[in-house]
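The exercises below are to be worked through with the sequence and the model open side by side.

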Amino acid sequence: MVAVLLAAGGGVYAAVGGDDDGKKPTAGSTTTTPDRPRTQDPAPGPTGDGDNTGGRGSGESDPNDQRRAGEAKVLYQTPAPELSKKNLEVPGFWAMKGYVVKAVENKIVAYQDEGGSKWTLSLPKAVCAAPHSTTDGKVVVAYEGHGKNSCSQLALIDLNKGVKLWDHHAPETGSLGSGYTSVGMAQSGDLVGMAWFGGSAVIKVSDGKEVSSEKPSAGCSIDGYTGGKVLLRAYSCTNGTARLQQLTPSGSIKWTYNVRKGYKVNNIFSSSPAVVALTDQNRQSGGILAISDNGKERSTLALGKHSYQPECGTDIFGTNMGNCEGVAVSADTFYLPTEMTQDQGTGSTSEIHAFDLDTGKRKWAVKVAERLLLPLNMDGKNLIAYEKPSYTAPGQIVRIAPDGGKPKTLLRLPQATQRTERDFYSATHTYRNGNFYIATNRVTGNDSTSEKLLLAFGP
């Protein structure tokens with residue numbers, strides 16, 4: 001996962017994690033190695049072959065046999081499938097009640113918490129873009145069309161039943177033609193916002209028809225959307241002006257926030273309450289803003305001299321506005337992780353800082369040693385966070401009280417899967433109903449014996 005360093009006061013805004021060419025130092029991931037034979041089928045079928053064995057993949061020992069007192073149970077670990085090419089992005093992951101759903105190439109598979117698959121759905125071609133949120137268990141995904149690198153076909157998937165409800169070509173809009181490259185998607189209610197290099201559109205979840213929303217004026221374009229409770233879109237122009245807009249459920253503009261001249265919205269961390277990061281044309285940080293429900297500036301976060309490290313996926317054209325992990329928000333507080341720092345005599349540490357959205361001031365900080373501490377989501381007024389694994393110890397899921405204080409461990413992940421947990425190249429992390437899931441965002445194809453598609457833990 002790409003880590004984005006945010007520093008205040010005209011500081012740096014830089015990508016320091018994975019990149020598209022697959023290298024793995026400070027600004028990239030790993031060089032591809034020659035193909036190796038793969039033995040795992042692309043996805044287990046509806047009968048659940050592949051992971052019905054208490055947490056192991058095909059040919060592997062069960063990590064639960066090595067489970068120590070107090071450690072979480074491995075629900076399953078699903079090997080990465082053999083795909084058509086290496087270093088392939090596999091967007092699309094949704095946590096449902098009792099199962100999760102993962103898209104990988106042209107397959108969408110539901111994996112039950114107790115093991116095995118619930119259903120498998122095949123599409124004509126590979127899924128190339130997908131929103132994070134769903135509507136009543138239904139999600140619109142984009143899959144490859146007829147042209148080269150054209151992410152131009154849309155399908156509504158019922159994640160409860162594993163069926164496709166409709167299938168349409170994406171709207172043919174955009175000043176640069178209908179190339180449909182670098183598509184970003186966001187879903188809220190009956191709306192899906194799409195942005196791609198050279199175009200954008202809003203469609204209905206219910207029937208896939210385009211919504212007649214306000215079009216960008218000359219010299220302007222929609223950069224991207226973020227969904228969830230509401231649908232936001234970021235808008236920028238060649239004259240250096242930029243806007244943030246909230247759409248109504250019918251697709252009209254509810255409010256417009258005018259970004260200060262020379263800056264644009266780079267990431268939307270949350271749609272409701274709205275929290276956004278700004279950058280200038282040189283990718284220098286313009287800070288993090290909270291926007292109120294009427295489109296007025298609520299606060300500017302007082303980041304000080306700290307460098308913050310939310311994890312954001314590779315997004316060359318900026319069309320995937322809401323793809324950052326490692327942030328969380330409540331009605332009045334925003335949680336942001338710092339980068340790892342070296343303390344003299346105590347080793348490396350990382351922190352989560354809580355910011356008051358009304359004042360922008362920092363409320364508290366929580367520190368852990370030797371691990372990167374990432375916010376995941378809220379559980380009522382409590383923050384759920386992931387202490388990522390170190391080189392010697394597995395990770396754990398913790399709960400942090402509204403006033404900060406020492407994190408309380410909810411799930412202590414097993415030592416037996418520490419290396420597997422750490423070796424995900426880029427992943428989505430989800431904690432729901434007491435279970436913790438890690439789903440890869442990219443299959444590198446570099447290690448056919450250990451690379452995983454999914455890893456799931458329970459109490």
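This is a predicted model: local features need pLDDT of at least 70, side-chain atom pairs count only at pLDDT 80 or more; totals for chains, interfaces and linings use all residues.

**Exercise 1.** Which residues line the largest cavity?

*Solution.* The volume of the largest cavity comes to about 30 Å³. Its lining consists of Val230, Gln246, Trp255, Ser271, Ser272, Ala274, Ile291, Ser292 and Asp293. Sorted by class, this lining has 4 nonpolar, 4 polar and 1 charged residues.

**Exercise 2.** Locate the cis peptide bond and describe its place in the chain.

*Solution.* The cis bond joins Ser272 to Pro273, with omega at about 0 degrees. Pro273 is placed in the loop between strand E20 (263–271) and strand E21 (274–280). Returning to the first exercise, Ser272 is also one of the residues that line the largest cavity.

**Exercise 3.** What is the order of the strands in the open sheet of 3 strands, and how do they pair?

*Solution.* The order is E13-E14-E15, and the pairing is antiparallel. Because strand E13 (184–188) and strand E15 (199–204) each have a single partner strand, they stand at the edges, and one side of each is left without a neighbour in the sheet. On average, and with direction ignored, neighbouring strands of this sheet are turned by 15 degrees against each other. Looking at one pair in detail, E13 and strand E14 (residues 191–196) are linked by 5 bridges in the antiparallel sense, and Ser188 is found opposite Leu191 in E14.

**Exercise 4.** Carry out the corresponding analysis for the open sheet of 4 strands.

*Solution.* Here the order reads E9-E10-E11-E12, again with antiparallel pairing. The edges are formed by strand E9 (127–129) and strand E12 (163–169), each of which pairs on one side only. Neighbouring strands of this sheet are turned against each other by 40 degrees on average, direction ignored. Strand E10 (residues 138–143) and strand E11 (residues 153–158) run antiparallel and are joined by 6 bridges, and Val139 stands opposite Ile157 in E11.

**Exercise 5.** Where does Glu105 lie, given its positive phi?

*Solution.* Glu105 is not a glycine, yet its phi is positive, at about 55 degrees. As for its position, Glu105 belongs to the loop between strand E6 (99–104) and strand E7 (107–112).

Technical notes
Residues are numbered from 1 along each chain as its sequence is written. Side-chain values use heavy atoms; hydrogens and water are left out. Two strands pair if DSSP finds at least two bridges between them. Helices (H or I, at least four residues) and strands (E, at least two) are DSSP runs, numbered from the N terminus. Axes are lines fitted to C-alpha atoms, for helices over the stretch in contact, and angles run from 0 to 180 degrees between N-to-C directions. On a 1 Å grid over the protein atoms alone, a cavity is a set of points where a 1.4 Å probe fits but cannot get out, and a pocket is an open set with protein on both sides within 12 Å along at least five of seven lines; lining residues have an atom within 4 Å of a point. Grid points are joined across faces, edges and corners, and a volume is the space filled by probe spheres set on the points. Ala, Val, Leu, Ile, Met, Phe, Trp, Tyr, Cys and Pro count as nonpolar, Asp, Glu, Lys and Arg as charged, and the others, Gly among them, as polar.
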